[in-house]
Amino acid sequence: MNPSLSRRKALAIVAAALVCGTAYAGTQKKDDKKQQEAQQREAQALAKAVDAAVAGQPAPSDVPVQFQNDFLKAQDGMIYIPFTLTVDAAKLPAQSVALYIRAMSRGGAAAAPPAEEKKKDDKKKDKDASQYPFEGLHLVDLKAQAGEPVRLSRALLLPGGDYDLYLALKERAPGESKDAKNAPPQKMTVLKQPITVPNFWNGELSTSSVIIADKAEPLSAALTPEQQTERPYALGSFEITPAADTRFGKKEELLIFLQIYNTGMTPEGKPNLEVEYNFYTKTSDAEKFFNKTPMQPLNAEKLPPGFDVKAGHQIMAAQGIPLEGFPEGDYRVEIKISDKISGKSISRSAAFTVVGS
């Protein structure tokens, strides 16, 4: 008989609907003219490198970069896409970098502007508007601990569909000092990442990505727009730190988060859901049921009194599982969500590995 799961009290977190847009260079503070010109040069260099990659030319890859992302429902038909870039600090000694982001519809260039002539006011408004579904620039001061990789998180907004996401990361220019003129060229990497953005606006019962986290901490106060840009995994009243990988020691805890969308609801705007977490051990050619958590209800009795799906509140299911009762090996967690109002159910899965320490 499998050992019973040692577990802590499951979390049920209500996260407000998310809005996180980044206009081209729009998150930067107003600087003096010289600083603005330097930022413009950074943006132009990165955009030019991406243009070359789009045209099929070899992309620079001075710094190996790993990309991971998640999908969550935002507002107005958009999908919120927080992501993390993991960089070997030894390969990127710079303390400050520029990150340029461009999303392009899969298999095609940016849409051409309308053929009809626009009014002067409209032309002025569109002068700095991006021709791409998303385009952004971030100037980032890195915070890395000795011996640890650099992890840089940001986010973008896109409607559902297929895209090629280009991310250009470059060491920032050292300035205009005498020493700077003799400095070696700045390292740069251009990464092309195909992504398929799901549509959470079709009315069908669905969920966000399953987020496996290293930790989750409550926020003592609402974040400013600038803070939210720098910390895209601050979701409602909690901030999640996604796990860098899915290998966990037996002394660690597996933290699982996901939002649930398009549920049935009572006249008061309350859902009536049951969530189960079933764990399976994986072998070379099959898998075997290991254990499961007690059913987690998300309903009028368990959610805060002011919770209202009709008001745009999002439902977040969460579970923390201590792993000391798990033998070493590979596992799959299946998360089954049953909507007691609509009668629909869906399942989501995530894989993880338990190691000895």
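**Aromatic rings in a predicted model**

In this predicted model, Lys-73 lies over the face of Trp-201, at 4.4 Å from the ring centre.

Me: How many aromatic pairs does the structure hold?
Reply: The structure holds 10 aromatic pairs.

Me: Why is the pair of Phe-279 and Phe-352 called edge-to-face?
Reply: The ring centres of Phe-279 and Phe-352 are 6.2 Å apart, and centres within 6.5 Å make a pair. The planes of the two rings stand at 85°, and an angle over 60 degrees counts as edge-to-face. The pair is therefore edge-to-face.

Me: What makes this a link between distant parts of the chain?
Reply: Phe-279 belongs to strand 16 (residues 273–282) and Phe-352 to strand 21 (residues 345–355), and the two residues are 73 residues apart.

Me: Why is Phe-279 called buried?
Reply: Buried means under 20% relative accessible area. Phe-279 has a value of 0%, so Phe-279 is buried. Phe-352, with 2%, is buried as well.

Me: Why is the pair of Tyr-280 and Phe-289 called edge-to-face?
Reply: The ring centres of Tyr-280 and Phe-289 lie 5.7 Å apart, and their planes are at 75°. The limits are within 6.5 Å for a pair and over 60 degrees for edge-to-face, so Tyr-280 and Phe-289 form an edge-to-face pair.

Me: How do you know whether Tyr-280 is buried or exposed?
Reply: The relative accessible area of Tyr-280 is 17%, and the limit for buried is under 20%; Tyr-280 is therefore buried. Phe-289, with 38%, is partly exposed.

Me: Which residues do ring pairs link into a cluster?
Reply: The cluster consists of Phe-279, Phe-290, Phe-326, Tyr-331 and Phe-352.

Methods
Residues numbered from 1 in each chain as written. Predicted model: local features only at pLDDT ≥ 70, side-chain atom pairs only at ≥ 80, totals over all residues. Heavy atoms only, no water. Phe/Tyr/Trp six-rings, centres within 6.5 Å; stacked < 30°, edge-to-face > 60°. Helix = DSSP H or I, 4+ residues; strand = E, 2+ residues; numbered from the N terminus. Buried < 20%, exposed > 50% of the residue type's maximum accessible area, 1.4 Å probe, protein only. Lys NZ or Arg CZ within 6 Å of the ring centre and 35° of its normal.
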